[in-house]
Amino acid sequence: MAARRVLKAVLVDLSGTLHIEDSAVPGSQEALKRLRNAPLAIRFVTNTTKESKRDLLERLKKLEFDIAEDEIFTSLTAARNLLEQRQVRPLLLVDDNALHDFKGIPTNDPNAVVIGLAPEHFNYQMMNKAFRLILHGAPLIAIHKGRYYKKKDGLALGPGPFVTGLEYATDTKAIVVGKPETAFFLEALRGIDCKPEETIMIGDDCRDDVAGAQKAGMLGILVKTGKYRAVDEAKINPAPYLTCESFPQAVDHILQHLL
Amino acid sequence: MRQVLPAAAVRVMAEWAKQLAGIKGVLLDISGVLYDSGEGGGVPIPGSREAVEKIKASGLKLQFCTNETEATRAKFVEKLQRLGFNISVNEVTAPAPAVCRILKERNLRPHLLVHDGLVPEFDELDKANPNCVVIGDAADNFSYKNLNEAFRVLIGMENPILLSLGRGRYYKETDGLKLDVGAYMKALEYACDIQAEVVGKPAKAFFQSALAEMGVEPHQAIMIGDDIVNDVGGAQQCGLRGLQVRTGKYRPCDEQHSHVKADGYVNNLAEAVDIIVKQLHK
């Protein structure tokens with residue numbers, strides 16, 4: 001049934017799917033080349049809060065992936081687009097490295113709050129500043145709502161807890177712009193002439209990549225690399241369209257069965 | 001100051017005042033009711049010192065019920081005495097002494113995320129190798145590093161226990177509104193996917209312990225506070241009556257609150273006490 005759809009686009013997650021930190025998932029550069037030979041649009045979609053597009057691109061080039069800057073769509077891009085649409089001036093609580101993606105956006109006299117992963121900004125004074133802006137009607141925009149992440153020396157709080165605290169204090173809801181939000185997946189298709197039903201997403205995060213994409217009307221392939229843990233595929237309903245070992249196998253499946 | 005009350009206000013006051021038969025005890029919130037906090041210890045709200053004396057002279061039982069956690073109860077009471085209030089330590093029900101009792105009963109060793117001034121309250125407790133987290137309004141101590149430490153203690157436990165001293169959203173200081181403990185309690189709840197246990201208003205057990213100090217039943221007591229949710233709503237949930245004063249953090253929109261309706265609204269503590277004492281002597 002699913003195989004009879006017309007496939008026009010493939011969305012690919014980066015970290016955990018094409019590479020893990022500074023090493024590529026074996027065979028994935030070559031698999032990407034094969035995918036490019038098919039009549040498909042390709043976009044790379046990622047929830048990043050620390051790295052700008054430029055940083056991401058640099059890393060991918062080092063790993064010899066053939067990827068262009070305008071093929072990458074990140075949660076920072078999504079936040080930027082939203083700021084431009086609403087014509088608001090943000091207080092940017094994001095990592096200094098991420099500021100590059102907000103170049104040219106006015107930030108004087110802020111009337112919006114953007115929260116990424118920025119431990120150095122999450123002090124009481126800055127949180128109060130954000131709180132007062134939101135209380136006066138500034139929209140709260142979250143790059144994502146991750147609870148925590150793993151650092152070399154242990155677990156560390158993500159942006160989610162700080163977003164949740166501000167939501168409670170101000171009795172408002174944040175606008176979350178990254179995966180697994182439907183708006184994120186739809187936004188990634190802008191500029192490509194295709195519908196969600198004509199798109200497939202490949203990623204290692206069961207909830208953010210696969211369930212999010214499937215909710216947006218796409219097919220989702222879960223790869224068993226990166227953050228994948230045994231039986232992740234059983235955690236979502238509906239189940240992933242397909243679960244496979246890694247990115248090259250996902251590409252093989254698409255080329256053999258979906259075209 | 002406003003001298004003449006609109007007729008409607010008098011009529012509303014009269015309504016709650018008619019229901020006062022059987023009242024034996026009064027619970028008073030402190031900050032925003034007795035005084036406004038701020039630089040140099042704060043300023044008494046006009047008429048409130050006399051109002052406290054009047055309650056004590058009337059024969060009514062009196063207990064103070066506060067969520068104050070910036071200093072130990074002893075230091076806090078000293079400050080109020082300096083401001084001219086007739087108040088003593090055992091008349092004050094506060095979250096820190098209450099949580100210390102709970103920690104002892106349950107053999108819990110706390111990791112503290114609180115104001116520096118509150119730490120001595122926990123002097124007697126064993127804090128090595130913690131098996132719970134106690135969070136209070138920590139103000140500048142709410143750094144990423146401190147919050148992360150509390151998070152790591154919780155996430156490392158099989159059944160994380162988070163005790164929160166109140167759950168207020170924000171409070172007012174001379175230089176503006178500030179995030180209260182509730183925002184950070186919610187942050188840790190979300191991070192660890194747990195529910196905190198609240199010690200302090202609006203928790204039922206907290207009101208009950210204040211009532212026990214007075215030896216008065218819920219239906220015989222009236223709570224007076226400036227916080228529509230934590231003072232008035234909390235007291236009503238516990239079976240007490242609740243009055244809101246139009247001082248402290250009061251905002252006019254509180255009188256149209258979506259789910260809490262006070263038994264009465266009064267301009268200040270002095271007015272509330274005048275009415276209550278007058279009714280008693282009828």
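**A buried pair and its setting**

Analyst: Lys201(B) and Asp29(B) are both buried. In this predicted model, their side chains meet in a salt bridge, with 2.8 Å from N to O.

In general, side chains of opposite charge can pair when their charged atoms come close. Over all chains, the structure holds 31 salt bridges, and two further examples are described here.

One of them lies within a helix of chain B. Glu189(B) and Lys186(B) form a salt bridge through their side chains, at 3.4 Å from N to O. Both residues belong to helix H6 (residues 181-192) of chain B, and because they are three residues apart, about one helical turn separates them. Glu189(B) is buried, its relative accessible area being 8%.

The other is found in chain A. Lys195(A) and Glu198(A) form a salt bridge in which the closest N and O atoms are 3.9 Å apart, a value that falls within the 4 Å cut-off. Lys195(A) is partly exposed, with a relative accessible area of 47%, whereas Glu198(A) is buried, with a relative accessible area of 14%. Lys8(A) joins these two residues in a network of salt bridges.

Chain A also contains an open sheet of six strands. The strand order is E5-E4-E1-E12-E13-E14, and the pairing is parallel. Strand E5 (72-74) and strand E14 (242-244) of chain A form the edges, each pairing on one side only. From one strand to the next, the twist averages 25 degrees.

Strands of a sheet pair through backbone hydrogen bonds, either parallel or antiparallel. Within the sheet of chain A, strand E1 (residues 9-13) and strand E4 (residues 41-46) pair in the parallel sense over five bridges. Among the residues involved, Val10(A) has Ile42(A) in E4(A) as its bridge partner. Helix H1 (residues 28-36) of chain A lies across E1 and E4 of that chain, and the helix runs at about 140 degrees to E4(A).

Notes: Residues are numbered from 1 along each chain as its sequence is written. Chains are lettered from A and ligands numbered from 1 in the order in which they are written. This is a predicted model: local features need pLDDT of at least 70, side-chain atom pairs count only at pLDDT 80 or more; totals for chains, interfaces and linings use all residues. Side-chain values use heavy atoms; hydrogens and water are left out. Buried means under 20% relative accessible area, exposed over 50%, partly exposed in between (1.4 Å probe, protein chains only). Helices (H or I, at least four residues) and strands (E, at least two) are DSSP runs, numbered from the N terminus. Two strands pair if DSSP finds at least two bridges between them. Axes are lines fitted to C-alpha atoms, for helices over the stretch in contact, and angles run from 0 to 180 degrees between N-to-C directions. Contact means heavy atoms within 4.5 Å.
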